[in-house]
Amino acid sequence: EEKNKMWQIKDGWFHEKNEKLWPGEANGLRVKKVLFNDKSKFQDVVVFESTNHGNVLILDGVIQTTDKDECSYQEMISNLGLYAHKNPKKVLIIGGGDGGVAREVSFNKSIEKIVQCEIDEMVINVSKKYLKKLSCGYDDKRVEIVIGDGAVYLKKHVDEFDVIIVDSSDPVGPAESLFGEDFFKSAYKSLKKDGVLVTQAECFWLHLDLIKEMSDFIKKIFPVVEYAYTGVPTYPSGNIGFFVCRKDN
């Protein structure tokens, strides 16, 4: 392999190959120009300009977002939680370093405080430079950026948030702890009595066993648990899901 997953770019095309997460399939995007390629403390970070999808953010060889279809994901994961709560005032975003969720949450003027906890500062800095369509959310004065592990942050903030939105990458690498039972227990405690949790929950075409396993233990923690999904063409199988969890009935 060449530096930082650049082996996935060949003959002017990026191919998202990952036999562990989506065996036997690979989405492809034509590359116009590589804009950024480096390794942070946690993962490989690549941004390239594509011919048809605008700028594309890649973490550890996996597409995180593109200018063309980011709206479908960002709007869904943000508004599921915000509209499931009767009057959200304080929101925590875990992950979401590209700034897209912060952007969507900031559209709601009734929200008083938005805390963004992102483990990888490089993702934030790169997004501010190359993904301005998403990172404009950081311009809102209500946004407080915390660089750190979201799982650790939750344990220090009990009964504090109306809505928690977990915009994580896949359950490998730095995001792995965000898919475990202990994390959901901590999130439950960090929410106020009528709080709502929304988490990225993979693709039912590819990860049904994981979704079933998570659903079983989440339902032992939260009294109300639903699964939602949306279409994102550049995600594996064109689909991504979300768990929506309410602390009250």
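Q: Is strand 5 (residues 55-59) largely enclosed or open?
A: Buried means under 20% relative accessible area, exposed over 50%, partly exposed in between (1.4 Å probe, protein chains only). Strands are DSSP runs (E, at least two residues), numbered from the N terminus. Five of the five residues of strand 5 are buried, so the rest of the structure leaves strand 5 largely enclosed.

This is a predicted model: local features need pLDDT of at least 70, side-chain atom pairs count only at pLDDT 80 or more, and totals for chains, interfaces and linings use all residues. Residues are numbered from 1 along each chain as its sequence is written, and side-chain values use heavy atoms, with hydrogens and water left out.

Q: Which residues of strand 5 point the other way from N55, L57 and L59?
A: In a regular strand, side chains alternate between the two faces of the sheet. N55, L57 and L59 share one direction in strand 5. The other way point V56 and I58.

Q: Which residue of strand 5 stands opposite V46?
A: Two strands pair if DSSP finds at least two bridges between them. Strand 4 (residues 44-50) runs antiparallel to strand 5, with five bridges. Opposite V46 stands I58.

Q: What is the phi of G54 in the turn?
A: Strand 4 and strand 5 form a hairpin. Four residues lie between them. G54, in that turn, has a positive phi of about 70°.

Q: Which residue in strand 6 stands opposite L59?
A: Strand 5 also joins strand 6 (residues 62-66) by four bridges, antiparallel. Two residues lie between these strands in a hairpin. Opposite L59 stands V62.
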